[in-house]
Amino acid sequence: MIKKDRLVENFLDMVKISSPSKNERAMGDYLLKILKELGLEVREDNAGEVNGGNCGNIIGILRAPGKKRLLFSAHMDTVVPCEKVVPVIENDIIKSDGTSILGGDDKGGIAAIIEMLRVIKENNLDHPEIVVVFSMGEEIGLLGSKSFDINSYGVDFGFILDSSGKPGKIITKAPSAARGKITIIGKPAHAGISPENGINALTVAAHAITKIKLGRIDAETTSNIGVVKGGQATNIVMPSIELDYEARSLSNEKLNTLINETFDIFQKVCNEFGAILENNVKIEYPGFSLEDCEEIVKIVKTACEKVGIKSETASSGGGSDTNIYNSKGVKSVNLAVGMTKVHTLEEYIEIKDLVDLSKILVEIVKG
Ligand SMILES: [Zn+2]
């Protein structure tokens, strides 16, 4: 039922449309047109306005009154460089010409959803109620899914197509993450004439950093200081320093404990030195964890079996729209698309994976 050439052509069309985060307009217009042609009820929400972008989330509904309601979602935006993507096909693998990313993250997911809808229409398949969401601003903080009012759609289960790995991989666990700046404000003084009048922010930070937990904390928890900025000149006692901090854990509780501990240590050391602490580290997205016995997992596993694809559940190290939909109470999993080396110029995707993913989706809707 899957038409490989049509699927590939659609994918190639889409990767050629530049759609960096908050600038998804052209992509959104392209998708609105396709969804309309396929007979879906189409709308665009205000996520663009709310988040300072030029395109909202694109939403399509395929009605089936009285039936289960399933969400299928992938994001429209890509990381840069994506201005002029020139896709190249070699040995059934699609990659860029090496000067840009490919954008299989997440246009591979979008292509599979569109192919699924085409197969439903063409074959007059019996189907559940289908809500399709193509989100904006995913790459810069899950902006579209955070703004999307999923609860007004009465969705039973969400299938998000946005994981690397081979189709058949089902992400059922992902960490919660906290991120932000920790700023220490000391006191400037002339480093040669009166250093005793200053408070060196770097010294304060160094004392705190030797006491906090950094790196791998346990099997499900990590933290990092990735960027440090401070200082003006060698003859000025460093007046302030900014530390870009992040922490992740598969356990929301462990993450909260970790960031509270970290903040307490910074506060205590600042007090000792007479420095001021500013902390804007916040939970960026909550984690989720679904057991293998959940109905949504079984639905995907059964679909994979029917098309002869091995399935396995796995946990992810990063966040996706899946985190947000689960936090809003809609049980959702993140399905692997086949995209490889994403966010690099070497990104590629195998055509077979696009086909396999589309087959899995068709089986999910056939139920
Ligand atoms: Zn993605």
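A residue is called buried when its relative accessible area is under 20%, exposed when that area is over 50%, and partly exposed in between, as judged with a 1.4 Å probe on the protein chains only. By that rule, 13 of the 16 residues of helix 10 are buried, so helix 10 is largely enclosed by the rest of the structure. The structure is a predicted model, in which local features need pLDDT of at least 70 and side-chain atom pairs count only at pLDDT 80 or more, while totals for chains, interfaces and linings use all residues. Residues are numbered from 1 along each chain as its sequence is written, and side-chain values use heavy atoms, with hydrogens and water left out. Helices (H or I, at least four residues) and strands (E, at least two) are DSSP runs, numbered from the N terminus.

**The zinc site**

- The zinc ion has as its protein donors His75 (NE2), Asp105 (OD) and Asp162 (OD), which lie 2.0 to 2.2 Å from it; donors here are N, O and S atoms within 2.8 Å of the metal (3.2 Å for Na, K and Ca), and sites may look incomplete because water is not among the atoms.
- Along the chain, these donors follow the spacing H-x29-D-x56-D.
- Asp105 belongs to helix 4 (residues 104–122) and Asp162 to strand 7 (residues 157–163), so this pair ties together parts that are 57 residues apart in sequence.
- Asp105 and Asp162 are both buried.

**Helix 10**

- Helix 10 covers residues 351–366, and at 1.5 Å a residue its 16 residues should span 22 Å, which agrees with the 23 Å between its end C-alpha atoms; the expected span is 1.5 Å times one less than the number of residues.
- After helix 10 comes Gly367, which has a positive phi, near 70°.

**Strand 8 and its partners**

- Strand 8 (residues 169–174) is mostly covered, since 5 of its 6 residues are buried.
- Strand 8 runs parallel to strand 16 (residues 312–315), and 4 bridges join them, where two strands count as paired if DSSP finds at least two bridges between them.
- With strand 17 (residues 332–336), strand 8 pairs in the antiparallel sense over 2 bridges, and Ile170 has Leu335 as its bridge partner in strand 17.
- Strand 15 (residues 288–289) is also joined to strand 8 by 2 bridges, and these two strands run antiparallel.
- Lys173 stands opposite Ser315 in strand 16 and opposite Ser289 in strand 15.

**The largest pocket**

- On a 1 Å grid over the protein atoms alone, a pocket is an open set of points with protein on both sides within 12 Å along at least five of seven lines, a cavity is a set where a 1.4 Å probe fits but cannot get out, and lining residues have an atom within 4 Å of a point.
- The largest pocket holds about 490 Å³ of space, a volume being the space filled by probe spheres set on grid points that are joined across faces, edges and corners.
- Of the 29 residues lining the largest pocket, Glu138, Asp162, Gly318, Gly319 and Ser320 are the closest to its centre.
- Strand 8 gives the most to the lining of the largest pocket, with 3 residues.
- The lining of the largest pocket has 8 nonpolar, 13 polar and 8 charged residues; Ala, Val, Leu, Ile, Met, Phe, Trp, Tyr, Cys and Pro count as nonpolar, Asp, Glu, Lys and Arg as charged, and the others, Gly among them, as polar.

**The cavities**

- The count comes to 2 cavities of 30 Å³ or more, and the largest cavity has a volume of about 40 Å³.
- The largest cavity is lined by Ile182, Tyr245, Ile259, Thr262, Phe263, Asn279 and Val281, and helix 7 (residues 252–273) supplies the largest share of that lining, 3 residues.
- By class, the lining of the largest cavity divides into 5 nonpolar, 2 polar and no charged residues.
- The second largest cavity holds about 30 Å³ of space, and among the residues lining it are Ile170 and Leu335.
- Strand 8, helix 8 (295–306), strand 17 and helix 10 are the elements that give two or more residues to the lining of the second largest cavity.

- Ile276, found in strand 13 (residues 276–279), is exposed, with a relative accessible area of 52%.
- Ile296, found in helix 8, counts as buried at 0% relative accessibility.
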